[in-house]
Structure formats: structure tokens, C-alpha cells
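Colleague: I would like a close look at a single part of this model. Please take me through the packing piece by piece.

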Amino acid sequence: MGGPIASLHPLSRADGSASYKCPATGSNVLGSVNAPIELPGRRDALKPEDATIEVFVKPGTAPGGVGERHIEGILRGALGRIILGREKGYPRRGVVITLAVVGCDNIARGSSYLPILPALLHTSILALLSASVPLSMTFSATVLAVDSSGEIVCEPSSTDAAAAASLHVLAFTSQGHLLLNESEGRFDFDTWERVYERALAICHGTSALGSDGDVAMSENVDAQPLEGFVRDTVEDHIHREYAWKIDAA
Amino acid sequence: MASSATAPTAPPALSLPPSQFARLQPHAYLLAHLSPPASSQQPSIRANGRAPSQFRITSANTGSLTHTNGSAVVRLGDTTAVCGIKAEILHTEDIASWSVSHASSPSAPNKRRKLTNPTEKPGEDRQDGSSQAEDDDDNSYIEDFSLLVPNLSLSTGCAPGFIPGAPPSAHAQSLSHQILSLLHSSRLVRSEDLQIWYQRPNLGPEELERHNEDEQMDVDSAQDGSGGVASEVREIKAFWVLYIDIMIISLAGNPFDVAWTAVLAALRDTKLPRAWWDADNEAVVCSDLVSEARKLSLRGLPVSSSFGVFEADAASGWRAVIVPDAEEERKIAESDRKGIQRRWVLADPDGYEEGLAQERVCLVVDKVQQNGKIVIVKLEKNGGFAVDRKQMKELVETSVRRWQDINQILKEC
Amino acid sequence: MSSPLILLPGDEVPTDYLPSNGSAPLRLGPGLRLLSEAHPTPASTSKHVLTATQAGILSTDNKRNAISILSSSNRRYVPTPNDLVIAQVHHSSVDYFYCMITPQSPHAVLGQLSFEGATKKTRPMLQGGDLVYARVLSTGLGAGAEVEIACVNPATGKSEPGGLGPLKGGMVFDISTGFAARLIRASSAPSEQQEVAGLVVLDELGKKLEKVGGFEIAVGRNGKVWVDCSNSEDNAVRATVAIGRCLTAIDEHNLNPTDQRKLVTRILREMKIES
């Protein structure tokens, strides 16, 4: 099972865009960001001192439904804390993030959006970075399933996710805060703490707590922490774009 | 909301009634309540008079709508929800995928069963005695055929700003989805309650009713191929579909808790008439005897509690300050005990507080009847950095206390 | 410039990357912000940290004592005052020409008299579709403000910098905004300074096309480049297309100077332009 694949700025007409593909969960998302832009017709609804963030999630094969509205709300809440909407040029304007689910197993009505949530989160942060929207920090996210015997499965496939006793999506900021947590299923608090440890190890490579975290580390030795993945993707892109400058120096 | 006696905020020089102060400076108003000056000897209390972890007074009333199969009115402070459940019959012949996947072989529907069985721990106690294989069976019927259809409407007049004739807002849609996915993930309703069977006349009709173990054996034997006749005996002919309509008639914050409690109370109230397939008429027939109608047997009682995080520093968005990383954050939390508190986790935020709290936590917990174990069914946290592991643990404890209260309220209604 | 340091939002700027010129105040460019401690305790001296808010290369300017982040430059064009743009006239009114700078933004206004030496009687008669090379005068404040462009410096009445005004003939090619900025830097730099912004293509084309009559070029910050070779008579169209192809190919594939030279030679050969 390979790591995720991402590319920055695949769309030339948007301010920023990114595509993200996670082979393990089978999700593939293309996202674009336009910011700052004038939002038409709702000038009274715009906040005078802050940017308005809009997120649109478009499923690949079906028209959007209530599930998308819910996930849009989650994304807006998480990204709203990261985007510095009060920087110059942003107040009263909009940051519009459009995410198209290009490939994943079909999400039926009422079924969980959690398996694809990390891909949506990663696509939006990469697209925001490529659009140079001012951010206070970055983040990374992962999805974990706990099966009925209590084993943690990282980035479960859709069949694993369907069979799991509980599903968890956790996002950590680059400074280690728990930015977002979405858990469903049946689990107890100890299980959640184990999931937390493991997710922190996956996202950051280091564990905040010693003893338990070491186990998680050893299992993840070959895989790169996701935080580093986001960083590498962005650095690669900037290197390519400024190759002329770096070479000249 | 708060009387002037509890507002130490308005200095005598500036005579501003508290209600106006609350409107002009909502953040400062709430902060002043939560952190009264040390000299005033007043406890930290919210503007609405509650302690930070105190929920509003909750009341529930069931069965008030007579034309529904089950209904409930739940009131949490000034937020009120009405939930009505209407059961309708869905014939299996109307389900397009039914004949392909299910009718041909009764044991086929579950790919999931095969997946989960090898990993199942023999000694593990599942929630209430039913075997795991059956649970998964349940889940797939209810999810695949959409047997539960919740719809939440934030109707006109429940709060200012809801215009008549507008399409359902994103908020209402999001709440509908949350309720649907919680119904699915908590597996509250058993699909055997929703199944309408056809029993060949050679078996006694009394076996129509309760069939936990029997059915399991039937299916198993059919799987083995030894009971060719047995597999022919019973057949699902139709399902009950539960249309769960929730109407928020007054919205003053925290709609999800109220809506979910209303759903829970209404489901507990729901009675389905006895129904069976009549081979002669080729139709589903319901008994009109009230005594024969049965209640749903729900799995547990997942209770939802929501929290909002109120940050002391209103200017944190304006002023560029160093956001301490998670490690430093923990140290700060330690020193909180001694010095000034920087944030409060407010249980059951009302509409006023919701506007001031960016970070939300929603916890749904259940207590297993047999062993008293706490099970978390849903844990959502979004919109901020404040709630970490330690705070989460405290919130789970608060939610468990809340579970006791709601359990009591629902029992009494 | 030492090894380039790439920062992501939230990263602190290491102190050894700050300009050493201690006396002058430090200027912060885009993509950086100064954070102060949230709860300054009287015991500790106030602590300040510089962090990035955009992903990009940290660039320091020791002369101006400035520091900024070079972030991804290929983005939608947002007009800023003093940018040179290539605009297309859409329609006109009594006082203004309404011009399109980018397809997605509202029209910019160009005064009928904002041309060098224009009076009520001598103003240029521009039709819809005509091109102008103009300078962004103001972008206005707030939402929905009009962008105003001009082909003349209102202070002097001259078309400064030279070349502003209607563009006649030639052809416009679309390039990325980042590449447009590089082209402007390369073309405005003194000619003896080689390889400004890593671009040799204009010099190379200039040398090779000198014999066939040379060419004119105007680069707009809005991602447009206008090329005209009308001096080269029967080669005019071919040379124009060749230059356009060179520019778009270099933009697309991010070629280095050696490859740029190779590309120019190859395309000119393909287009059968003898040099």
C-alpha cells in the first residue's frame, strides 16, 4: 500500500488548486481555491472584519445531498480556524473552496463521509497553500478504523470501514493541536485515546506520550508522517516554480 | 436574560441596562459573568445563570400526536422540538435490488458477516446479548433500503431570520444528515422490528412473533444446505419504513441535542401494528387490535450532549498572538488552576452563547444496561484547538451524568 | 542568497536569516507577520516571533533591510496600482472605454482622454476588441470598486513608461502571471546584466531576429504578452508565431537558460526563419 499522491496547482485558471489521491482508502479529490474574491449579492451578510469562507463539496457521480452539506460545515469549521481572514485584502471578501470527489467508492445516502474526509481536508489545505491564502498554520489528517477485536486499522479500505466497530477521523495542526475529531461507531474512551496516540504518530511521526507511542512508531517506521508529506509536496512545488532563481543563486 | 443583580459588569458611571450591554458587547458581557472580579466573591456563572457544565431544564412529553405511530415533544430551555414517526409499508417487490440480492438465498445478504466473523473475539460482550452476525445483518437492511428516513425542518418563526418558503437551510440539512448517520451508526433500531414476514401455514402462527434464536438457526441450517424445506418456510415480504419528521418550533441554541432526544423519545413511544403477508390477498395485512401492536425494542439509549468553547480573548482573531503549540498548551492548562482562566467549556450552549463559541464538541454516549459500561457512539469536535485529550475526558464524564438525567426523564414521560 | 529556505504557514523565521543591518527598522513584506506573546508576563521581556503565513521561499534584502516570502506566483491576476497590463476594449461611453483585463473580473475603466496628447478632438477612436497597453491607476476601495487604468502619467501628461497606448497589429499570447512578472523584470533590466530572472529568451530572440527586422513586445502583468514583427515584411506572421511559441513553451515547461537557447534555435528552424 503506497502513500498518498498529491500535486499542486493542476488547474491554471483558479488561484490555487490541488489534487490528492490516497490509494489505501481509494479516495481521489480535486480541489480549487479562489481567494480573495467578491461574493456577489450578499454584501449585507458578509462580515465586515473577516473573510467569508465557503466550501462546496461535489460528489463524483451523484448530485449533492444532505451529507455534503454536513461535511461542508465540518470543513468550514476546521478551515475557518486556520485561514487568517483578517489579513489585508480579505475582509468582506470570500474564500471559496470547491472540492470535487473524483474517485471513491460511492457514498450512499446517510452513510458515513468519514473515510473520505482526510482526503478532502488535505486537498483543501494544499489548495489553500497553492493559492497563497494567509494561514496561521497547516494541518494533516488521517482516518482510523477500529475493528471488532479492538485492532486499529490505519486508512481503511471501504470494506474495512464498513466492517469496523468504529471510525475516527482526526486532524492535527502543525503545532500538534487536535483541530478536528469525528468519531462514530461504538467505542469507549480508552479506545479513543489509543486512536488519538496512533493518529498523532501518523500525522506527526512523533508521539506526545512515550510508552504507548513507541509501539505505534515502530509500526509506522516505513511510512512518512503526513505532516511531512504536506510539507514535501509544497516544497517540491515551490522548488520547481523558483528553479530559475535557486539555480541562479 | 440575566437580571441586573447578577451583572457586575455595568460600571456605575456608564448606566447601560444589562440587556443593552449584552447586545452591544456580547463577548465582554459573557466574559464578565464567567470571570467576576475576585473581590466580588461571586462564583463564575454564565450570563443565563447556569454553571458552565449545567444543562438547561429538559422536559419531554410523548404520544401527543395521535395520528402518528409515535411522537414526542422535547423542550430544552427555550429550544423545542416536535418529532413524529409515521410507519409505512415497503414491499420487497418494490425494492429493485431485492430479488437479486436477497430473495434467491436468504443467507446471501451479508458479505459483511463473513468479513467480521473471523476477527470476532469469542468472549466479547456486545451491547445487549444479540450476536454480532445479526447486528450486521440489521445494519445492512436498514442502510441499504433506507428504512429510516429522518427529516428535520427549522420552521418559520422558530428564530428570527427564518423566512417562509425558503428551501431547507444548509444547517437543517446538516442536522438531518447527522441524525440519519447517528441512527445508522448507533444501530438504535433493530431491523427485525421492521420486517414483515410471510409464514407458510404448516408452521404455527405463534412463531411469527419473537424469533431471535429461532431465526438464527433457520438461517444457519439453510446455509448448510441441510434444511431445504426450512429455508422456504419464512420469507420477508415487506418492511416498515419509519418516516421521522422533526420540527424545531423554537430555536435557542443547541438544536442537535433537542432533535436527537425527541427522536429517541418518539422511537421509544413508537408502536407498530402487527402485520403479516396474506397469501390469499397477496397483500400485507395489519391487525387493528391495539393489544397486538408492539413497541420497538431499541438498542440502548444513546444520549447526546453538546458543548461550546468560549475563549476569554475576544481579540485573538484580531491581534496576532503566538498560538502556543500543543505541548505548551498543556503547561498552560496546569497553571490555569492558579491564575486566570482563559477558556470555558459551556455545556448545552444557548443561542447567545453559540454565537460566541467557535469550537463545538458533540458527544453521544450510552451506558450498557448489563455491565454499566460507558460506550461512546459519536464524538465530534470541530472549529478550534482548545479541547484536547484531558478536556475530552472531563466532557465524557459530564455526558455520562447527562445520560443519567435524560434516562430518568425519558423513563418518566 | 544562501541555500533557499522554504517556509510553510506557522513556521518561525530563524533569526540567522534576518538581515544583519541592525540599525534600520526591519520591513516585513507579504507573507510574514509578527506575533507577540498572548499573555505577556511582567517578568519576561516581551517576546516576538516572526512567522510565515504563506508557503514560499524566504527572501531577504539586506540593502533595504526587508524580508518577505516569495510565494507561488502563478495565480489569478489581481490588479494593483502601477502594474502594466494589456487590456482589451469592450465598449465605450462618452467619457470612458470599458476594458477587460481578465475575463473573470468586471471591466476596468480607461478615460477617453487618458492618452498622451489626447484632447477632445485628437483622442484615439478605439473600437471594441482593440488592445491597449496601460498602467493601473487605482483599484478603488472596498467591494465592487472600479479599477481605473490609464495610458498616460497624469502628472506629466507623457506616456510613461514608454510604449503605453493603443497596440496596433501583432498578436497576443496568454502566459502565466508568474512568467509575465519574470519577463517584465528581464526586459527592464540593463542589457549587460545577463540572465535576469533566469530568462535569456528575449536576448536570444532579439539576436536571431535582428536580421529579419526585429520585433516589438509588450508584457502585461495580467498574463498577456503582445508581440509584433511588422518590420519583417513577409516573415512577419511566422516570426510572431515563433516568438509566441517560444514564450508559451518556456512558461509551460519551466526551461532553464540552456534549454531556452536550444528551444529558440529549434523553433526558428522549424518555422523556417533564416537567421
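What covers the buried residues of α13(B)?

Modeller: This is a predicted model, so read everything below as computed. The cover over the buried residues of α13(B) includes strands and a helix of chain B: β1 (58–62), α10 (255–269), β11 (303–311), β12 (343–347) and β13 (359–367).

Now the helix itself. α13 spans residues 389–412 of chain B and has 24 residues. From first C-alpha to last, α13(B) reaches 35 Å. That is close to the 34 Å expected at 1.5 Å a residue.

Next, the buried residues. They are M392(B), L395(B), T398(B), S399(B), R402(B), W403(B), I406(B) and L410(B). An α-helix has 3.6 residues a turn, so residues three or four places apart point the same way. Keep that in mind when reading the list, which includes M392(B), L395(B) and S399(B). R402(B) is also among the buried residues.

For context, look at contacts elsewhere in the model. In chain A, 33 residues are in contact with 26 residues of chain C. On that side of chain A, α2 (117–130), α6 (226–241) and α7 (243–248) each supply at least two residues. The side divides into 14 nonpolar, 8 polar and 11 charged residues.

Within chain C, 9 residues of domain 2 are in contact with 8 residues of domain 3. β7 (84–92) and β10 (131–138) of chain C each give two or more residues to the domain 2 side. The largest share, 3 residues, comes from β7(C). That side has 7 nonpolar residues, 2 polar and no charged.

Key
Residues numbered from 1 in each chain as written. Chains lettered and ligands numbered in written order. Predicted model: local features only at pLDDT ≥ 70, side-chain atom pairs only at ≥ 80, totals over all residues. Contact = placed C-beta atoms within 7 Å. Helix = DSSP H or I, 4+ residues; strand = E, 2+ residues; numbered from the N terminus. Nonpolar A, V, L, I, M, F, W, Y, C, P; charged D, E, K, R; others polar. Expected span 1.5 Å × (residues − 1). Buried ≥ 20, exposed ≤ 12 C-beta atoms within 10 Å, placed from the backbone.
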